[in-house]
Amino acid sequence: MIISPTDLEITDLEADAIVVGVDAQGTLTQEAREIDAATGGLLARLVAQEEISGKLGKVGILLAPPGLRAGQVAVVGLGESRQFGRGQAFRAAAAAAKRLAERRRRRVAFFLGDGWSEQQVESGICGAMVGCRGQDLYRTEKNLHAFEEILWDDAYETVLASGRILGESVNLTRQLVNEPPSRIYPESFAAEAEKFAEEFGLGIEVWDEQRLEEERCHALLAVARGSSRPPRLVILSHRGGGPDDPILALVGKGVTFDSGGLSIKPTDSMKTMKCDMAGAATVFGVMQAVARLELPVNVIGLAGLVENMVGGNAYKVGDVISARSGKTIEVLNTDAEGRLVLADVLDLALERKANRIIDLATLTGACMVALGTDVAGLMTNDQPWCDAVRQAADDCGEAVWQLPMFPDCYDEQIQSKVADIKNVGEGRWGGAITAAKFLEQFVGKTPWTHVDIAGPAFLENPKPWLDAGGTGVFVRTLVEVARRWTAEMNDA
Ligand code: BES
Ligand code: MN
Ligand code: ZN
């Protein structure tokens, strides 16, 4: 996709479509007023008649408008101007793009940036790129047709460039999640990482079964045992900072398919379990962005890649495994596999001297029961670090909510009678938190925030601004965390 700036007059621009905005009060933006003038007041009339709405993400279309060289105008609702931020910029541009992508378009020009901050423009460009891509990877007749060219009015080259990098990173994550498990399994997933690591100059290590054995990753290996697909562990590194600068570690759950193992899931619950590698795909998206943005920070991305299957060699209910850290774990449900994989990867993050850790995982259905499908759960051992993650998410418009980690209420629940800990809580109550309590056992005293993305990583039904399937949620937020980490260090 080509992305270029334009400073042509809106009426002179040749494009398949032009996008302009109107806010919830029905106020036309500067560029929309120009369209209105060119069309003899048509736009204002349609808004007054409430044929065109300013509700965030609503899109009205003017076909073959007089006085313009463009084929059509999409008028997108920007919502309440008081609440307008990066999230709204992303959604508005994405909604317009998604609607226009229903047909093939060569060139679409966005005239939305009037009064927007650079960060909002960047989010808008990212949104335009994300909105026009669909999950229809294997449909002969596509539902959405990505544009050949996006024009953005009056944007700085640097903002266009970073918006494009964010858009491509979110789309990378989405595509990896949307690929079927027959295509994305641990080996092929690691190969994808190798491809972009090479292209963008990231350091990469890929551990195979033998190395995983040598490194005592017995928890990860236990999960992998039921599958004919061997596991992998991927370590990406971006050394943008100095050798003594702190290290931010991003850890992702990469279960390329979660059948539940012997504690097998019913078909309906298995239907979306290709998405169980979304945490790892998110880490990959962020690492690609961090490298391409050349952020002057040290970031490592670690992903545990396994398939959770049934088979004669599968790990069993009642098994006791000894994790990389040395802690022993009693397995009481083979469907609580994500925490086992993460246990070993988090331990490796400590060994690699991470100063701060964020892990991303489609970890629990319980988190969806607690927060619904659109909100990620945050759990932490360090409130200031969690606050930093939350603030970045709020500013990017990605919904998060923190869940408590009270020691008195939850610590006992993961105690085992035969091993150090067990991989499930007592009964199903508080399941998102008992899972996080398990992970907490493997991060020592390092500030750590766990993000349970079981809900928002994958959409069963499309939104006006996003096709169903993988969402790429949290790529933008984590890039923002890395950027702030840069600023923080420069202050120090
Ligand atoms: N991958 C699932 C969690 C999940 C559920 C992600 C729905 C996305 C959508 C995870 O491995 C799992 O199966 N968790 C169990 C844990 C339980 C056995 C303690 C769950 O949530 O039921
Ligand atoms: Mn599971
Ligand atoms: Zn899982």
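Student: Is Glu337 buried or exposed?
Tutor: A residue is buried under 20% relative accessible area, exposed over 50%, and partly exposed in between, with a 1.4 Å probe and protein chains only. Glu337 is at 1%, so it counts as buried. This is a predicted model, in which local features need pLDDT of at least 70, side-chain atom pairs need 80 or more, and totals for chains, interfaces and linings use all residues. Residues are numbered from 1 along each chain as its sequence is written, chains are lettered from A and ligands numbered from 1 in the order written, and side-chain values use heavy atoms, without hydrogens and water.

Student: Which protein atoms are the donors of the manganese ion (ligand 2)?
Tutor: Donors are N, O and S atoms within 2.8 Å of the metal (3.2 Å for Na, K and Ca); water is not among the atoms, so sites may look incomplete. For the manganese ion (ligand 2), the protein supplies OD of Asp258, both O and OD of Asp335, and OE of Glu337, at 2.0 to 2.2 Å. Along the chain the spacing is D-x76-D-x1-E. Asp335 is partly exposed because its relative accessibility is 21%, while Asp258 is buried at 3%.

Student: Which residues coordinate the zinc ion (ligand 3)?
Tutor: Lys253 (NZ), Asp258 (OD), Asp276 (OD) and Glu337 (OE) do, at 2.0 to 2.4 Å. The donor residues follow K-x4-D-x17-D-x60-E. Lys253 is buried, with a relative accessible area of 1%. Asp258 bridges the zinc ion (ligand 3) and the manganese ion (ligand 2), which are 3.1 Å apart.

Student: What arrangement do the six donor atoms around the zinc ion (ligand 3) form?
Tutor: Six donors count as octahedral if opposite donors are over 155 degrees apart and all others between 65 and 115; four are tetrahedral if all angles lie between 85 and 135 degrees, or square planar by the octahedral rule, and anything else is irregular. The zinc ion (ligand 3) has angles of 78 to 175 degrees, which makes its arrangement octahedral. Around the manganese ion (ligand 2), six donor atoms subtend 71 to 169 degrees, and that arrangement is irregular.

Student: Which atom of Asp276 lies 2.8 Å from a nitrogen atom of ligand 1?
Tutor: A polar contact is a pair of N or O atoms within 3.5 Å; within protein, one must be able to donate a hydrogen and the other to accept it, and sequence neighbours count only through side-chain atoms on both sides. In Asp276 it is a polar side-chain atom. Oxygen atoms of ligand 1 also lie 2.7 Å from a polar backbone atom of Gly365 and 3.2 Å from a side-chain N or O atom of Lys253.
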